[in-house]
Each structure stands twice: as C-alpha cells, then as structure tokens.
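Me: I am new to reading protein models. Could you take one part and walk me through it slowly?

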Amino acid sequence: MRITDIQRCEVRPGRLVEWTLSPATVAAATALPEDSRPPAYIQESHIRTARRVREDGLFVPTWLGTAFDLPGPVDLDVLQEALRAWTVRHETLRSGFRWAGGTGDELRRFTLDAADVSLHREDAGDFPDADELVRHLQGRFDSVADALRWPNLIYTAVVRDDGVSVYMAFDHSNVDAYSLHRIAAEVHELYAAGLAGAAPDSPGPVASYVDFCQIERADADGIDARHTIVERWRDFIRRCDGMLPGFPVDLGLAPGGPLPRQRMLCEALADADGAAAFEAYCRPYGGSQVGLLAATALIVHELGGQPVYRTVVPFHTRVKSRWSDSVGWYVGGAPIEVPVDGTTGLREAMRAVRDELRASRPLSRMPLARVLSLLGADFRPTSPDLYSIVSYCDTRSIPGAGHWAEQRAHGLIRVSYGDQVCVWVNRLYEGLWLASRYPDTDVAAKNLRLYVERLRDHIASVQHSGLTAAS
C-alpha cells in the first residue's frame, strides 16, 4: 500500500456519500460513565500536544486515512453495515476521551458498547470535478477526524457506475500505519459476505487496543527516574544537545520561528528486482531496515557533516500475537547512534546500525512520553512530531497486500504544519516506495531531493554490482 496524501491518491469524480457516528450514538456516549482503563501515554501526549498547538493559535490536522476501491454497482446499505461491523470490531474506535470536569487537565476515557454504535449516512451530492472533491474531502476530514473532538472518524464513498472509492479518516490517536494497511481487506471481506448474505470468514471480536493501553500504562508506571531505560534516554538526549533529534541536514528554518508548512514527497525507490537485491545484500546484517538506516546515516553525513547520526527508530509494540489483528497506535521509539565520520562504506555502517538496533530496540516498549516525564526536563511539544523518523515496513505479509494494486489502495497522511522530517519506506510487491513530509522551504526541498536521489543510488548500486554484503 503506497503512503501518500489525498492530493496524490488519484481521486476520481462521482457522487459523495458520508458516514459518521449517528446522533443516537453520540448521545449514548455523552451519558456514559468513566471507563477506568486509561489512555495510552502516546494517546495522551498526542491529545495534549494538539491542545497546546491549538492554544498557540494554530490548527494542525493530524489525521491518518486509507483509500481503496470496491467493484460496482455498489449496495450502499450493505457497505454501511460492513463499515459499522468493522467499527464495532475494534474497541478503540468506539472509545474516546473527555477532560475531567469539562475543562480540567486529566483525560478520562469512555467506551460505548457495540450495540450502541450506529452510523448516520448523508448524501453530500455530485462532484464532477476531482480537485473540488479532494478539497471537500480534506476539509471534512480536518473538521471531523480531529484530536480535540469526538467522534473523530469519518467514512466516505465516491459512487460511480463502475464501483465505489472508499475514503476513511481517523484521528491518529486510534490508528497507526499497520492498522490502516489492514482495513481494505477487512472491509472487502465484510462487504462481500454481506452481499452474499453470509457471515465473514474471519472472527468478529479481536483483541482491544483499549486493553493494551491499560496493560502498557501499568508497566510504564512501574518504573522511576533511576530505571536503566530512563538513564539511557537521558544520556542520548544529552548527546543531542538536550533535545530529541531532528533530521541532521539544513532545512532552511530560523531558530525559534513559527511552525512551518509542510510539503510531501512520494515516489518509487526501486522496482521489485531492485528491492529483492537490496534485501539480499542487507540480510546478513538484519535486512532492508538496517540497510536503509545505514544508507541514511552515510547520506546525511555527506549533506550535513555530522560525525554521528542520531535518530529515533519507530518500532511496533505488537510484541504478542494477540494484538496482531487489533486496530490501535502500537508504536514506540528506540534511540540509535551511528558513527559515520571515517566510515568506509555501507557494510561498515550496517554493522553499526545492526548493533545499535539490537541494543536499543527493547527501549521502544517503554512509552517515550513516560520517559520524558521522568527526565524532569521541559519537553513542551510545539509540533505534532516530537522528532524526525526514517521508518521501514515490509507490508507484503499483511492480509490483502497482493490485491492492493487492483484495489487502488493507499495509506493517507495529512500534510499540514511541522518542523521535522518524517520518511516512510514500504516494501511492496512492486518494489520500494518512499513517502516523506518535510518543512516547505527551498533549502529543505533541495536537501530532501538529494537525500532521496542518493538513497536510490545506494539501492541501485547493490543490484548493479551483483554483490552480497558477505561477498
């Protein structure tokens, strides 16, 4: 599934239908008592950051979404029931937060029973112009899938004679990229079963992210400032001059300036053969993720001159199989430091990355927001991204991945404001796909273009040389 923004996912004209949680569902939620299960630290940090940024006078949409096609002609009643059934299957989507006392400083959870969840359908009219439809969809997603409101999800369908394109958006507090990747297959299965009047093959209930939040938070609350994980983060941040690391190249930003607008970059890095050759080359050191980070370390040293590449590597926290089918924000971060001054090439850099990942990956299971609170430093987030990332995911084993191309499936990222660089590289059946959002400055655009070109060169050189890392 290619990650992109809504402007680049080939939206086509048609009649737009929208679904939100019904007024009856919202009324039921308003009367709910408190759910004792707390928010995850990552959820709470996300919502608090959104509130601080909003209080500073800036609206920064942070929703994630997905897009995919269903063959037509579509039965909207069956599709609506498929969307409702998928929603109630994942408890986090019927769970939300309110501030204690309405305006307090403590987040309290509430959770609806599955039987109380229904969808409201509305016909938004015909959109013969694709650009106008894109603007409308983005505006609706911005206003509905917002961290500071509930419900904060919206489903839409663009209906045409030959089928329907489904676009779904969620506040980030409820989904991660892996969650998005699974949606197309699940909704397709539920829709096909509904058309056939049969029960879907997959089981209805799945493990709840809300339960995971409670378990993870209890573990996190069990450590103190003297814990080894906290000490390692303290040392890492000290070597980052007291901050979490950004992308170590010039982005053309003035220190202390306003939060800049962002730009999106999306393109292929390699075809299927090139991706396979790169994976084979990197396998002795841990695979493509290691190679990607090693190449990045060499490139940013060339562009920015830093002798050590410091970054936070995102990892999923679905460490137990029970969470594998669950929708939620299962992401943690591990700090790594890769010396590159004097490094002779990619192999040497891969050794360093491999060793760093082995030593640091366990740190990703402890929520960074908890660690920062124990450090005692004033990490007052003013941007939705705490740090820059380079993320890698091999998506080929995700259910339905083999059908993504024919379904025109995409993962959607909202590009709005931010001073960090976020890079996502996905291994697809077609090859390697890169998406990045970065500050919208000429300097950043030039350096991100150089980064991507040189990353592509590293990957291509492996294929053209016919070498393996062991040769």
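Reply: Let's start with the residues of H11 that are buried, namely Leu 368, Arg 370, Val 371, Leu 372, Leu 374 and Leu 375; buried means under 20% relative accessible area, with exposed over 50% and partly exposed in between (1.4 Å probe, protein chains only). That is 6 of the 8 residues of the helix, which spans residues 368-375, so H11 is largely enclosed by the rest of the structure. Helices here are DSSP runs (H or I, at least four residues), numbered from the N terminus.

A word on the source: this is a predicted model, where local features need pLDDT of at least 70, side-chain atom pairs count only at pLDDT 80 or more, and totals for chains, interfaces and linings use all residues. Residues are numbered from 1 along each chain as its sequence is written, and side-chain values use heavy atoms, leaving out hydrogens and water.

What do the buried residues of H11 pack against? Their partners are helix H2 (41-55), helix H6 (209-220) and helix H7 (228-239); contact means heavy atoms within 4.5 Å.

The axes of H2 and H6 come within 9 Å and cross at roughly 95°, the axes being lines fitted to C-alpha atoms over the stretch in contact, with angles from 0 to 180 degrees between N-to-C directions. H2 is therefore roughly perpendicular to H6, a label for angles of 65 to 115 degrees. On the H2 side, Tyr 41, Ile 42, Gln 43 and Glu 44 meet Tyr 209, Cys 213, Arg 217 and Ala 220 of H6.

Terms used. Helices (H or I, at least four residues) and strands (E, at least two) are DSSP runs, numbered from the N terminus. Angles under 35 degrees count as roughly parallel, over 145 as roughly antiparallel, 65 to 115 as roughly perpendicular and the rest as oblique.
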